Amino acid sequence: MEIEPPFVETYPTLFHNSSTERAEEEKIFAVEECELPLIDLSRLKSRNFDEYEPLNLQCLREMAEAATEWGFFQVVNHGIPQKVLNSVRKEQMKMFYQPFCKKSEQNFMNLSAESYRWGSPTATCLRQFSWSEAFHIPLTDVSSLDQSNCLSLRSSIGLFATKAASLAQRLAEYLAQNLRIKSSYFRDNCLPSSSYIRMNRYPPCPLSLEVYGLMPHTDSDFLTILYQDQVGGLQLRKDGRWLSVKPNSEVLIVNIGDLFQALSNGVYKSIEHRVVTHPEVERFSAAYFYCPSYEAVIESCSEPAVYRKFSFGEYRQQIQKDVRATGDKVGLSRFLL
């Protein structure tokens with residue numbers, strides 16, 4: 001049975017002019033490839049910030065510089081075994097290779113109806129459309145998977161989530177240290193129940209010059225930890241131009257989210273990024289989004305403050321309001337002082 005979401009059939013108005021030659025400035029062209037800064041976490045031997053040796057401090061400086069200049073970096077020796085990552089990839093492929101009619105059913109694999117997402121229901125033009133499908137799984141929903149004979153999936157996702165949560169907290173504390181933010185801030189506000197995993201699949205796209213796999217955006221969290229395959233497609237916007245991230249399935253990619261940019265008073269950058277499609281090859285990735293509770297307060301760590309104080313719940317509500325109104329996210333600019 002057909003596994004692919006019916007993108008064109010469901011959104012005929014958006015794709016009506018896709019067969020017509022589009023203006024050159026509207027096409028998605030290949031861009032220069034880059035390698036993200038690489039951080040070897042094995043150099044950080046101690047969690048006690050007062051006991052760092054010069055090598056440890058150099059690693060912290062490199063991480064802070066990457067978060068400031070790029071908003072992205074890669075990590076190795078990160079503590080998540082390759083067998084765990086391989087298991088997640090195997091299980092997510094099994095999920096996505098189910099027939100579309102089954103994936104889109106309510107309570108598929110005992111997940112909530114909102115977990116399976118594809119396309120862009122709020123898109124008002126082709127440029128706001130994402131040629132992708134995803135399973136958005138809050139960590140509170142992982143335990144329910146064992147009720148539908150999905151023990152291997154629950155085990156794989158649960159282990160990945162546990163390891164990624166530990167890594168995210170560790171990285172957040174390292175980055176906070178550079179800004180004199182109390183490391184306890186993240187332990188107090190980012191409970192495991194407030195974060196989530198998103199497993200992504202980008203099907204082959206016959207309109208790869210015209211449609212994004214994932215439209216340009218910034219992440220609405222503190223940190224995102226991404227595991228991707230070797231296909232490539234992730235691009236980021238740096239100094240006004242798009243760069244293609246060289247794929248490497250042996251590293252994890254970390255990027256700064258909106259909340260860390262606000263918390264750092266604009267020192268760390270939440271960078272716009274996107275995914276481009278391939279006309280013949282599918283792409284897989286799995287991401288862990290490190291989020292606080294809705295009640296958590298985000299306040300700039302220094303003066304004069306760039307952003308006003310706000311709660312995560314307030315931020316999410318504003319995003320949803322903007323997306324409903326315009327089909328796009330506005331983000332942090334709504335909270336400038």
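Start with Met-109, which is buried, at a relative accessible area of 19%. Buried here means under 20% relative accessible area, exposed means over 50%, and partly exposed is in between, with a 1.4 Å probe and protein chains only. Met-109 sits in the loop between helix H5 (100–103) and strand S4 (116–118). Its phi is near 55 degrees, a positive value in a residue other than glycine.

A word on what you are looking at. This is a predicted model, where local features need pLDDT of at least 70 and side-chain atom pairs count only at pLDDT 80 or more, while totals for chains, interfaces and linings use all residues. Residues are numbered from 1 along each chain as its sequence is written, and side-chain values use heavy atoms, with hydrogens and water left out. Helices (H or I, at least four residues) and strands (E, at least two) are DSSP runs, numbered from the N terminus.

Arg-180 also has a positive phi, about 65 degrees, and is not a glycine. Arg-180 belongs to the loop between helix H6 (151–178) and helix H7 (184–189). Is Arg-180 buried or exposed? With 71% relative accessibility, Arg-180 counts as exposed.

Another backbone detail is the peptide bond from Glu-303 to Pro-304, which is cis, with omega near -5 degrees. Pro-304 lies in the loop between strand S14 (297–298) and strand S15 (310–311).

Now the sheet. Strands of a sheet pair through backbone hydrogen bonds, either parallel or antiparallel. Two strands are called paired if DSSP finds at least two bridges between them. In this model 5 strands form an open sheet with mixed pairing, in the order S1-S10-S9-S12-S7. Strand S1 (33–34) and strand S7 (212–217) are at the edges with a single partner strand each, so one side of each has no neighbour in the sheet. Strand S9 (residues 234–238) and strand S10 (residues 241–245) run antiparallel and are joined by 4 bridges. Arg-237 has Trp-242, in S10, as its bridge partner.

Last, the cysteines. How many disulfides are there? A disulfide is a pair of cysteine sulfur atoms within 2.5 Å, and by this rule the count is 0. Take Cys-125: the closest cysteine sulfur, in Cys-205, is 15 Å from its own sulfur, too far for a bond. Cys-125 counts as partly exposed, at 33% relative accessibility. Cys-101 is partly exposed too, at 40%.
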